[in-house]
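Please look at the sequence and the model side by side before reading on.

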Amino acid sequence: MSILLSFLSGGAICLIAQLLIDLTSFTPARILVAYVSAGVLLYAVGAYDFLFKIFGAGVSTPLIGFGAAIGRGVKEAVVKD
């Protein structure tokens with residue numbers, strides 16, 4: 001079941017990006033920045049860990065996971081100092 005959820009969530013993230021490219025004037029670079037920023041925001045509000053428990057690699061592999069990793073690193077650096 002977890003493989004199916006990972007596949008569907010990762011596919012949904014890619015589908016949204018493709019729709020943004022096809023139906024709007026967004027460039028891939030802007031979508032990349034939006035996804036990384038969304039990952040940081042999801043981590044900041046505590047929603048990323050919840051999504052990761054449900055969807056696993058489906059949300060950790062794409063750019064949202066990279067944004068969450070950045071947010072985690074910033075949090076650790078702030079707490080450390």
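Is Asp-49 buried, partly exposed or exposed? In this predicted model, where local features need pLDDT of at least 70, side-chain atom pairs count only at pLDDT 80 or more, and totals for chains, interfaces and linings use all residues, the answer rests on computed values. Residues are numbered from 1 along each chain as its sequence is written, and side-chain values use heavy atoms, with hydrogens and water left out. Asp-49 has a relative accessible area of 39%, and is therefore partly exposed, since buried means under 20% relative accessible area, exposed means over 50%, and partly exposed lies in between (1.4 Å probe, protein chains only).

The side chain of Asp-49 meets that of Arg-72 in a salt bridge, with 4.0 Å from N to O; the term stands for a side-chain nitrogen of Lys or Arg within 4 Å of a carboxyl oxygen of Asp or Glu. Because Arg-72 lies in helix 5 and Asp-49 in helix 3 (residues 47-55), the pair ties together parts that are 23 residues apart in sequence. Arg-72 is also partly exposed, at 31% relative accessibility, and the count of salt bridges by this rule comes to one.

The secondary structure of the protein consists of five helices and zero strands, where helices (H or I, at least four residues) and strands (E, at least two) are DSSP runs, numbered from the N terminus. Of the 81 residues of the protein, 25% count as buried. Leaving aside neighbours within four places in sequence, Ser-9 is in contact (heavy atoms within 4.5 Å) with Phe-55, Gly-58 and Val-59.

On the surface, Leu-32, Val-33, Val-40, Leu-63, Phe-66, Ile-70, Val-74 and Val-78 form a nonpolar patch that has about 660 Å² of accessible area together. Helix 2 (28-44) and helix 5 (63-80) are the elements that give two or more residues to this patch, and helix 5 gives the largest share, five residues. Such patches are made of residues with over 30% relative accessible area and no salt bridge, with like charges joined within 9 Å and nonpolar side chains (Val, Leu, Ile, Met, Phe, Trp, Tyr) within 5 Å, while accessible areas come from the Shrake-Rupley method with a 1.4 Å probe, and for residues only the protein chains shown count as cover. Leu-32, which has its place in helix 2, counts as partly exposed at 41% relative accessibility.
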